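I open this notebook to record what I looked up in the structure shown below. The entries follow the order of my reading.

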Amino acid sequence: MAKSYRLLRELRYPDGPSNLAKRRAKDPDVVWKIAPEGSIQTDIPPGSIPWLLEQGKIEEVKGTPSPTKVKEDSDG
Amino acid sequence: MAKYGSADVGFLLVGPYNLTSVSSKLEDSVTRETQDITPFGTSTAALAAPGLSKFEISGHEAWYDDAADSINAAMVGMASTATVFMMAIAGNVNGRQAVCSAGAIRVGYKRSFSVGEYHKASMDLAITGARDEATIVHALSQVSDDGNTETVVDVDLGAAGGGTTGAHVYLSCTQLALTGSTNLLVTFEDSVDGDTYASQQAMTALTTVGAEYRATTDQTVNRYVACKWVFTGKAGTPTATFALAVKVNSPHA
């Protein structure tokens, strides 16, 4: 299961499988995902994660995020 | 190494004014102040440099132009506040050199008129603070939608291109048509791998043409640099023409 990371900085990365060689060849077809600061993402290109962690641009979210709880009706 | 000529001057911007198409000559100079410290008992003069450098833009020659974004509008009011100066000396191309300063003070404006000649105009600028040898991250060009430089070309500063003491970012927007959009927000980005970019420094959102300078708040600037732009609350078909350049401070990583 992919780890989750909270973004401490807005990130921009290829939306879909990352192919760094194509990136550097200036692939004109790349579609970018702009992930806002504060959001939690699971699809950050794996090769970028070490330096993003090291430079404090993302932080790992420990544990599985809780599913949204629906408050049950206590009546009746 | 390469030689460059007048055709390689990609842009000459004073604040949001584009003087490229009317200018024909310019001198960009720096002098270091020296002090005579010769004492008694010596037969040769001794000079020392206390460490003060002075930059100035002089020897400017241009044709008079009354367009709203040209030389007369830029200079005739002699606004007292310092503005941004940006000059691409090796082409209007991402990754090329641009001479930039945030402290251009208008100190002189002269118009000359002669029979049988086009009117001429010239300016003198004093530079307060530093003048940077910056790198163009977004060449002066028009954009018509949200985007980023990666789709054009990002800038690889080289293996040792990153810095650990921040950067200076210069932006000049010479044309802006929001067509109902709220503003234009340009953000300087950097990356270690050229794959994932992190926002490094957001510029102040523009609602009209303008020029700005920012020192990055994040000290680590990585090897690959880029920028992205967003028309906030996009409406209609907005357009903007802007240039962005960055000087990564030493020491490099």
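This is a predicted model: local features need pLDDT of at least 70, side-chain atom pairs count only at pLDDT 80 or more; totals for chains, interfaces and linings use all residues.

**Entry 1, a term I need.**

**Entry 2, one residue.** With that cut-off I looked up B:Ala245, leaving aside its neighbours within four places in sequence. B:Ala245 is in contact with B:Met86, B:Ala98, B:Cys100, B:Ala134, B:Thr135, B:Ile136, B:Val137 and B:Tyr170.

I then turned to the largest nonpolar core, which has 71 residues. B:Ala245 is listed among the residues with the most contacts inside this core, together with B:Met86, B:Val137, B:Tyr170, B:Ala243 and B:Leu244. Strand β18 (residues 239–248) of chain B gives the most to the core, namely seven residues.

The domain assignment of chain B gives domain 1 (6–32 + 53–132) and domain 2 (137–248). I find 23 Å between the centres of the two domains, taken over C-alpha atoms. Their contact takes 18 residues from domain 1 of chain B and 21 residues from domain 2 of chain B. On the side of domain 1 that touches domain 2, the elements giving two or more residues are β1 (11–14), β7 (83–88) and β8 (97–112) of chain B. By class, I note nine nonpolar, seven polar and two charged residues on that side of domain 1.

I record one helix and 18 strands as the secondary structure of chain B. The radius of gyration of chain B is 20 Å, close to the 18 Å that the globule rule gives for 253 residues, so I describe the chain as being as compact as a globular protein of that length. Its C-alpha trace spans about 75 × 55 × 35 Å along the principal axes of chain B. Buried residues make up 42% of the 253 residues. Of the contacts in chain B with a separation of 6 or more, 75% are between residues 24 or more positions apart.

Lastly, I looked up where chain B touches chain A. This contact takes 14 residues from chain B and 20 residues from chain A. Strand β15 (residues 197–202) of chain B supplies the largest share of the chain B side, with three residues. That side divides into four nonpolar, six polar and four charged residues. I also see that two bridges join β15(B) to strand β2 (residues 11–14) of chain A, and that the strands run antiparallel. A:Leu11 has B:Ala198 as its bridge partner in β15(B).

Key. Residues are numbered from 1 along each chain as its sequence is written. Chains are lettered from A and ligands numbered from 1 in the order in which they are written. Two residues are in contact if their C-beta atoms, placed from the backbone, lie within 7 Å. Helices (H or I, at least four residues) and strands (E, at least two) are DSSP runs, numbered from the N terminus. Ala, Val, Leu, Ile, Met, Phe, Trp, Tyr, Cys and Pro count as nonpolar, Asp, Glu, Lys and Arg as charged, and the others, Gly among them, as polar. Two strands pair if DSSP finds at least two bridges between them. A nonpolar core is a set of buried Ala, Val, Leu, Ile, Met, Phe, Trp, Tyr and Cys residues joined through C-beta atoms within 7 Å. A residue is buried if 20 or more other C-beta atoms lie within 10 Å of its own, exposed if 12 or fewer, and partly exposed in between; C-beta atoms are placed from the backbone. The radius of gyration is taken over C-alpha atoms; the globule rule is 2.2 Å times the number of residues to the power 0.38. Domain bounds come from an automatic or database domain assignment.
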